[in-house]
Amino acid sequence: PQPQLVYDALALLEPTIEHGRGRYGTRARVPIIGGWAKGPGFSARIVAGGADWQLLRADGYKELEADYYMETDDKVQIHVINRGLVSPTRPDGSRYALSTPWFEAPEGRYAWMNQHLFVGTVSPGDSRPPSVRLSIYKLG
């Protein structure tokens, strides 16, 4: 597949809320309070009110499941569920951090988002409040 950049994003976050250790690992929630997404022919703001649900597994990997909305510049609401996997930090300081976003867009201009598979990279942001950077690519 040939990946095509759809957008780069910066999601603004509140501090992590720990939910404790259970049989599958340690659970946490990170509230999403805003942000932006911009790419070729695409521009949106990330709507406050979503969250990134996280599970730190016994093997050191972290599973992510972010659930939130984006609102495009032309006021279209797009639901995003972005599942990811982050490896523990390696001895050289690198980490594996990729995601697979799914979009639910209404009929019309953004319906193409319902008809493709996507992958994304995940990395720490550099802003205050805390943030995360995403680059989302369409496959095909």
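**Core, pocket and rings in a predicted model**

Q2 is exposed, at 61% relative accessible area. One caution before I go on: this is a predicted model. Q2 sits in the segment before β1. What does Q2 touch, leaving aside its neighbours within four places in sequence? The contacts are K138, L139 and G140. Compare that with L98. Q2 and L98 are 96 residues apart in sequence, and their C-alpha atoms are 17 Å apart in space.

Now the core. The largest nonpolar core holds 29 residues. Which of them touch the most other members? They are Y7, F42, Y68, M70, I78 and F103. β1 gives the most, with five residues.

Take I78 from that core list. Set aside residues up to four places away in sequence, and I78 touches F42, Y68, Y69, M70, T72, F103, E104, A105, Y110 and M113. F42, Y68, M70 and F103 are also on the list of residues that touch the most core members.

Next, the aromatics. How many aromatic pairs does a search of the whole structure find? Five. I will show two. Y7 lies in strand β1 and F103 in strand β8, so the pair ties together parts that are 96 residues apart in sequence. Are the two partners buried or exposed? Both Y7 and F103 are buried.

The second pair is W112 with F118. This one is tilted, at 6.3 Å centre to centre and 50° between the planes. The two partners fall into separate accessibility classes. W112 counts as partly exposed because its relative accessibility is 27%. F118 counts as buried because its value is 3%. The line for buried is under 20%.

The largest pocket has a volume of about 530 Å³. Of its 34 lining residues, which are the closest to the centre? D52, Q54, L64, V122 and V132. The elements giving two or more residues to the lining are β1, β3, β5 (50–56), β6, β7, β8, β9 and β10. By class, the lining has 18 nonpolar, eleven polar and five charged residues.

Stay with Q54, one of the residues closest to the pocket centre. Q54 lies in strand β5. Its relative accessibility is 14%, so Q54 counts as buried. Apart from residues up to four places away in sequence, Q54 touches T26, R27, A28, V30, K62, E63 and L64. Look at R27 in that list. Q54 and R27 are 27 residues apart along the chain, with their C-alpha atoms separated by 5.7 Å.

R45 is in strand β4. R45 counts as partly exposed because its relative accessibility is 40%. Beyond its neighbours within four places in sequence, R45 is in contact with G35, W36, Y69, M70 and E71. The C-alpha atoms of R45 and E71 are separated by 5.4 Å, at 26 residues apart along the chain.

Y61 is in the loop between β5 and β6. Y61 is partly exposed, with a relative accessible area of 27%. Its contacts, again leaving aside neighbours within four places, are L55, L56, L85, V86, S87 and P88. From Y61 to R21, 40 residues apart along the chain, the C-alpha atoms are separated by 14 Å.

Last one: K75. It lies in the loop between β6 and β7. Is K75 buried or exposed? Exposed, because its relative accessibility is 60%. Check the backbone here too. Phi of K75 is near 70°, a positive value in a residue other than glycine.

That is the tour.

Definitions and conventions
Residues are numbered from 1 along each chain as its sequence is written. This is a predicted model: local features need pLDDT of at least 70, side-chain atom pairs count only at pLDDT 80 or more; totals for chains, interfaces and linings use all residues. Side-chain values use heavy atoms; hydrogens and water are left out. A nonpolar core is a set of buried Ala, Val, Leu, Ile, Met, Phe, Trp, Tyr and Cys residues joined through side-chain atoms within 4.5 Å. Buried means under 20% relative accessible area, exposed over 50%, partly exposed in between (1.4 Å probe, protein chains only). Helices (H or I, at least four residues) and strands (E, at least two) are DSSP runs, numbered from the N terminus. Contact means heavy atoms within 4.5 Å. On a 1 Å grid over the protein atoms alone, a cavity is a set of points where a 1.4 Å probe fits but cannot get out, and a pocket is an open set with protein on both sides within 12 Å along at least five of seven lines; lining residues have an atom within 4 Å of a point. Grid points are joined across faces, edges and corners, and a volume is the space filled by probe spheres set on the points. Ala, Val, Leu, Ile, Met, Phe, Trp, Tyr, Cys and Pro count as nonpolar, Asp, Glu, Lys and Arg as charged, and the others, Gly among them, as polar. Rings of Phe, Tyr and Trp (its six-membered ring) pair if their centres lie within 6.5 Å; planes under 30 degrees apart count as stacked, over 60 as edge-to-face and the rest as tilted.
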